[in-house]
Amino acid sequence: MNVLKVPARTIAVFVLPCLIIYIGLVFVPIIVSIYDSLLDWDSINKAKFIGLDNFKTMFAHDANFWPAVRHTLMYAVFSMLEIPICLFVAALMNRYVKKANTLVSIYFVPVILSTVIIGQLWKTIYNPADMGGMLNGILNSLGLESWTRSWLTEPKIAMYCLYFVSLWQYFGYHLLIQFTGVQNIPQEVYEAAKIDGAEGFKSDWYITYPMAVPIFKISIVLAFIGSLQQFDLVWVMTGGGPAHATDTISTHMYNSSFLSLKYGYGSALATFLVFVCLVFTVVINSVFKKVEAKYS
Amino acid sequence: MVKKSTKTAAFALTAAALLMGATACGSNNANNTSDNANTGNTGTNAGGNAAAGGDKNVTITFQNIYPDPATPSYKMLHSIVDQYQKDHPNVKIELDSLNTDQQKLKLKTQAASKEVPDITIVNPAAQMKPFVDAKLFAPLNDMLDQNGLKDTFQKGLLDYYSFDNNIYALPDGNNIEVVYYNKDMFAQAGITATPTTYEEFLDDVKKIKAKGMTPIAIGEKDSWTGSFLFMNILLRTNGGPGFLQDVLDGKKTFKDPAFTDAVSAMQDLIQAKAFEEGATSIDYNTGGNLFKTGKAAMMIMGTWETGAIDSSTVGPKVGVFKFPTVNGKGDPDQFMLAPGSAFAVSANSKHLQETKDFLNYFMTEMPKKQFELKNAVGSGQIITGDFKAAGYSQLAQDVLALFQNVKGGDLAFDNTMKPAIAQAHLSSIQNMFVQKVDPAAVAAEHQSAFDSNK
């Protein structure tokens, strides 16, 4: 730590401003939010302390809460399922494509678009055919009229349409991460394996995948956290509707705090979200610790 | 690893950080406000002291929400104020022009310290009640009787600004919900007369649908639009206004037949595919554009849309009619009302009488100015005159004609009920657009939201 032989006091002076900002913007709001979750408060009038009643309502009486949790977790599952595919494609590209970087850049394009643009774009794609919906238009011209539907407004399929857009949006992002990871595996390992007779998919299985585990983990954690906070895309495309059919925890939190003016209840939802994030991050990390230990 | 959990935490707390942001804004504003309020007072005091007999010098602070010089409202405000100051050299009107949101915040902080400006702006009904309860506003009954001001307002409109038989504020406008329709598309569907009953209305919807056109445009992603229409049906099935008030007063419940009938009627409309496909993913502007580009035959909306329709491509083809009766019930001259923000006078004003006199003049002049500025649609006062000669469009004239006979009506759901109940209502109505529902279940949903948020 003290390579530069700087006195501890000097280090403290330089670290302090950042630390204060960090504590002020991260830890204090957490505490405030947890406290607010114990209030019955509309953000205008006087707050009333009601203990854990908000959480009781949330778990037992709020018909929209558990569906929102399910949508959020499904979001996480789908985005995590995407990562192995990204890794597979990255390995293929590394082996077969000569100028792979160009291809990765192309895959990356959706990531640099703003979510609002992506949302509007896909909303138009999902539109009914007579409003210029591309997807339905294509189905019609393929003679698959019976498959056409109003994608974003049928409660049963609307959520899956949203998952898909997210997968599309973040495919390039995770591909880039995985590709970088795969590229960083030393060439000598493959050469040694070649001598031992391991080539192609065999070398993928025994070398690429195990050695990519640390990078794989980064993607998984990013995908998981990214899905838990999923708000903007849902908000732009469906607003959580029709009738809560596409609510995630974040949109439900927004609705409760800012539209229903139940600030305390919104804070309870936020607290729940923090808790879920922490628990799952710990779980994912400990799972990967075991996986890493197995392969190294 | 530490880094990652940090990220987790950082994200999760964005929500909480919002809270901090809100608080910070609030306190900033409080500072500004008290500064302003102080300067205002100094001015007033100085004016008062300088007065010696005869006409004393008076400064009236006029907080308003017309800061944009491009709008007719701004021009109206300034020309009336200038005229008044010319006629009364001893009166100085100090304008405090703010954006709507700024003004709301400023007034809240001023109210907390009882430093309300002489004239300020409030929203009707439930939203102004806290201020009235805090006795911040002066009753304006006596002032309304002067110069026949009271009779210039549309019937029933002042009720939304009245508490315990006292009128506390005078509205700057009022819009009503009407049915705009595309005359060409009606002709194509073979409809000769606009419907006056719900059965005829449904029939026309089916005729238009049969021609492969969208009967009604709606932007139901913004769920208040569906609710606004639903409330109009409820206004009819209830045989008149006041259903929600009766629920609030405990005289009725949502299980009342008036309510379930309204749900069934709304459902009939939705099941007849009256609205564009995928309506719940269409936002308000897009929905409006369907009508304004001739892709839908009707739009059921507030009269604030008149100007935008006038200037759209279908403008010259658009007509307007009153929402029909439902099951033979209701009075077509009762409308869903969207009463505007209103001028209130501070009870603690140092120059209460002068302020009232000025406001009386202001409100008497306002209709005339609005007429000249071609801003007569949506006025809360009855405006008469030769609109045709003044260059108003046919549609504007038709809409204005409807205003002449307004016999009261209801406010939107979210103006009457608590936000949490309103949210439950909005999503319940939105749900009807995507699946068939049992009216009794919708009623039960409303009732339980009402009971748990009393």
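## Strand S11 of chain B

Strand S11 (residues 335-339) of chain B is largely enclosed by the rest of the structure, because four of its five residues are buried. Buried means under 20% relative accessible area, exposed over 50%, and partly exposed in between, with a 1.4 Å probe and protein chains only. Strands here are DSSP runs of E with at least two residues; helices are runs of H or I with at least four; both are numbered from the N terminus. The model is predicted: local features need pLDDT of at least 70, side-chain atom pairs count only at pLDDT 80 or more, and totals for chains, interfaces and linings use all residues. Residues are numbered from 1 along each chain as its sequence is written, chains are lettered from A and ligands numbered from 1 in the order in which they are written, and side-chain values use heavy atoms, with hydrogens and water left out.

S11(B) has two pairing partners to describe. Two strands pair if DSSP finds at least two bridges between them. With strand S7 (residues 174-182) of chain B, S11(B) pairs in the antiparallel sense over three bridges. Asn175(B) has Ala338(B) of S11(B) as its bridge partner. With strand S13 (residues 409-411) of chain B, the pairing is parallel, again over three bridges. There, Leu337(B) is bridged to Leu411(B) in S13(B).

## Strand S1 and the crossover

Strand S1 (residues 58-64) of chain B is buried at seven of seven residues, so it too is largely enclosed by the rest of the structure. Both faces are covered. Val58(B), Ile60(B), Phe62(B) and Asn64(B) lie on one side, Thr59(B), Thr61(B) and Gln63(B) on the other, and all are buried. In a regular strand the side chains alternate between the two faces of the sheet.

S1(B) runs parallel to strand S2 (residues 91-97) of chain B, and seven bridges join them. Gln63(B) has Asp96(B) as its bridge partner in S2(B). From S1(B) the chain passes through helix H3 (residues 72-87) of chain B to S2(B), a right-handed β-α-β crossover. Right-handed means that, with the strands pointing away from the viewer, the path from the first strand over the helix to the second runs clockwise.

## Helix packing in chain B

Two packed helices are described by the angle between their axes and the distance between the axes. Axes are lines fitted to C-alpha atoms, for helices over the stretch in contact, and angles run from 0 to 180 degrees between N-to-C directions. The axes of H3(B) and helix H14 (residues 352-372) of chain B come within 10 Å and cross at roughly 130 degrees. That makes H3(B) oblique to H14(B). Angles under 35 degrees count as roughly parallel, over 145 as roughly antiparallel, 65 to 115 as roughly perpendicular and the rest as oblique. On the H3(B) side the contact includes Met76(B), Ile80(B) and Tyr84(B). On the H14(B) side it includes Phe358(B), Tyr361(B) and Phe362(B). Contact means heavy atoms within 4.5 Å.

Helix H17 (residues 419-432) and helix H18 (residues 439-452) of chain B have axes that come within 9 Å and cross at roughly 165 degrees. H17(B) is therefore roughly antiparallel to H18(B). Ile421(B), Ala424(B), His425(B) and Ser428(B) in H17(B) meet Val442(B), Glu445(B), His446(B), Ala449(B) and Phe450(B) in H18(B).

## Selected residues

Gln267(B) sits in helix H11 (residues 257-271) of chain B. At 7% relative accessibility, Gln267(B) is buried. Leaving out residues up to four places away in sequence, Gln267(B) touches Met432(B), Gln435(B), Lys436(B) and Val437(B). In chain A, Ile85(A) belongs to helix H3 (residues 65-96). Ile85(A) is partly exposed, with a relative accessible area of 48%. Its C-alpha atom is 47 Å from that of Lys5(A), 80 residues away along the chain.

Most residues other than glycine have a negative phi, and most peptide bonds are trans. Ala243(A) is not a glycine, yet has a positive phi of about 50 degrees. Ala243(A) lies in the loop between helices H11 (232-237) and H12 (249-259) of chain A, and is buried at 18% relative accessibility. Asp164(B), also not a glycine, has a positive phi of about 50 degrees. Asp164(B) lies in the loop between strands S4 (162-163) and S5 (166-167) of chain B, and is exposed at 75% relative accessibility.

## Chain B overall

Chain B has 18 helices and 13 strands. Of its 454 residues, 53% count as buried. Among contacts between residues at least 6 apart in sequence, 75% join residues at least 24 apart.
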